[in-house]
Amino acid sequence: MEKIRNFCIIAHIDHGKSTIADRMMELTGTVSKREMKSQLLDSMELEREKGITIKLAPVTMQWKGYTLNLIDTPGHVDFSYEVSRSLAAVEIAVLVVDATQGIQAQTLANVYLALEQDLAIIPVINKVDLPAADVPTVSKQIINLLGCKQSDIIEVSGKTGLNIDKVLDAVVAEDLDTSFRRASGAWQGEGERLDPCGDRGRERSPRKDGVKSSATRALIFDSYFDDYRGVVLYMRIFEGEISKNAEILMMAAGTKGLALEVGVLTPKMSPREKLSAGEIGYIVTNLKTTREARVGDTVTLAASPALEPMPGYKDVLPFVYAGFFPVSNDQYKELKEAIEKLSLSDSALRYEPENSPILGFGLRIGFLGLLHMDIIRERLEREFGLDLIVTNPSTNYEVVMNNGEVREIKSASDLPDASEIREIREPWVKGEIIVPKSMIGSVLNLINEKRGHQTNLSYIEDRAVIDFEAPMANLLTDFYDQLKSATSGYASFNYELAGYRAEDLVRVDFLVGGHRIDALSVMSHRSEADGIGREVTKKLKEVIPRQNYEVALQAAIGARIIARETIGAYRKDVTVKIHTGDRDRKAKLLEKQKRGKARMKRFGKIDIPSEAFTVMLKR
């Protein structure tokens, strides 16, 4: 156990985590040069195409007589739950900061997550070989953030492999007792901005390097379903050992299974006879669904079970919801099966059936953010060949009824009758934006436009850190795009849920030809409802095709119409066949056409294209 080091790489998106992991695998001889390719641990086609890590990936390496277990983590805020799961399984975090961009919002968020877990932090500056690298400034930012010394920071290049060996040496050299003192505030005397743990006076958490014990306990930090082998668990053994063919017990779920194969990832599966305390590896089980072995559950031996489970993870609840409907209802069963398969490896994905009079049968799916939604949509279309209509994303609301009952609604169409409602609560978020000092004004204006307010303003060298609170619904659509526009791309943004607050909220309905389209309904603050109504009806006029009769597009709050646009009818010249100038005859034909159009308006069915359901995405 003294020769095992478990660590993960954390950073903001696009700061070079996966490239550094590639160089580490090359340097340790884990992967031969012939098998090597860039971002090797990013196995998903979408990850390689977008250049981002979506799923965490563990790998075991050997270095100077030590076994190193690395977990490569995602950087985007939508996948921060993956980072927290990785941190719970390791003792050391390698914090990577881009030499050209400096400390970003997700860098701060990941530092806080690592400090909560009492991890040793090894600061690393990446991309020092680039012409735009500003190592002295970024070093000062890291020293101000962590309160470390200049000599603690390692300057590397993931592209050329410069000083990667020094990072591995630092991981091997880590003494967990001294690193705890460092993370708990011994560094803080030199820092200005951050007191990592301060004088909270808390006790040291139990060491994570494994303790010999009669009872076996292992923590599941990821799982996925393999079509040919069943459920595969990624886990960290904290106490005892698990051997091949042992009968295992999931303590929280209460299910039993067999460890058909155990081993480590290099990064391919390498079978072993057993996994011991301190090691990170995988177990191939005979379970049929990952619901029987959820992420955060404790695995023990069925023959001699442990008395208490490990402290698990918080249950991740989605706060962005969207309706997914197949273009053809024949594909509904395929959509349901595809989502079930994706949810087996993504514990944050929640779904339930939904029925719309216009779109037919579909699923209401919960996500952690818009990127998460976009990734799932692309995977459904690519991997399963589905043609989908996705409705406008919304968040969930809490509705307090007159009798005191609290209901949760996931879409505006589920809102009960207004006479039965005492108040409606919407989710708010705590946000953190890092920008150059010269751009503070434009960011504060944008926050005010979104009904938010600034709570704190601090500085790291030449950067400003703006803490703010705002309603989640107003940040859902194009806030990130507007932020990038206002700051010429220099801002970075991180957020977390801050609870629910009662506001003056109303449901805005949209009527097409007099018929309410539930899938288009949105929740809005009363002060913003008129603007949203006018904006959406204008956009609907552009995407809904013209008919042979006039179509009214209306926005309404209850029975009150707040906006209207009209799609004009096609006009066929029915008098063209008359070669005389008889006015009575022309009037008779036009009157007949008018009656026909009125009849069509009563019975006509308007075909609403899929673009109409995403008009809110770009407000």
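Asp169 counts as partly exposed because its relative accessibility is 27%, where partly exposed denotes values between buried (under 20% relative accessible area) and exposed (over 50%), computed with a 1.4 Å probe on protein chains only. The model is predicted, so local features need pLDDT of at least 70 and side-chain atom pairs count only at pLDDT 80 or more, while totals for chains, interfaces and linings use all residues. Residues are numbered from 1 along each chain as its sequence is written, and side-chain values use heavy atoms, with hydrogens and water left out.

Asp169 forms a salt bridge with Lys64, with 3.0 Å between the closest N and O atoms; a salt bridge is a side-chain nitrogen of Lys or Arg within 4 Å of a carboxyl oxygen of Asp or Glu. This pair links distant parts of the chain, 105 residues apart: Asp169 belongs to helix α6, and Lys64 to the loop between β2 (57-63) and β3 (66-72). Helices (H or I, at least four residues) and strands (E, at least two) are DSSP runs numbered from the N terminus. Lys64 is exposed, because its relative accessible area is 58%.

In total, the structure holds 25 salt bridges. In another of these, Glu383 pairs with Arg379, the closest N and O atoms again lying 3.0 Å apart. Both residues lie in helix α9 (residues 370-383), and because they are 4 residues apart, about one helical turn separates them. Glu383 is partly exposed at 45% relative accessibility, whereas Arg379 is buried, with a relative accessible area of 15%. A network of salt bridges links Arg507, Asp509, Arg516 and Asp518.

Arg5, in strand β1 (residues 4-11), is buried but has no salt bridge, and the nearest side chain of opposite charge, that of Glu91, is 6.2 Å away. A polar atom of the Arg5 side chain lies 3.4 Å from the backbone oxygen of Val172.

Helix α6 (residues 164-173) also packs against helix α1 (residues 17-27): their axes come within 10 Å and cross at roughly 80 degrees. Helix α1 is therefore roughly perpendicular to α6, a description covering angles of 65 to 115 degrees. Axes are lines fitted to C-alpha atoms, for helices over the stretch in contact, and angles run from 0 to 180 degrees between N-to-C directions. Ile20, Arg23, Met24 and Leu27 in α1 meet Ile164, Asp165, Val167 and Leu168 in α6, contact meaning heavy atoms within 4.5 Å.

Key:
Lys and Arg count as positive and Asp and Glu as negative; His and the chain ends are not counted. A polar contact is a pair of N or O atoms within 3.5 Å; within protein, one must be able to donate a hydrogen and the other to accept it, and residues adjacent in sequence count only if both atoms are side-chain atoms. Angles under 35 degrees count as roughly parallel, over 145 as roughly antiparallel, 65 to 115 as roughly perpendicular and the rest as oblique.
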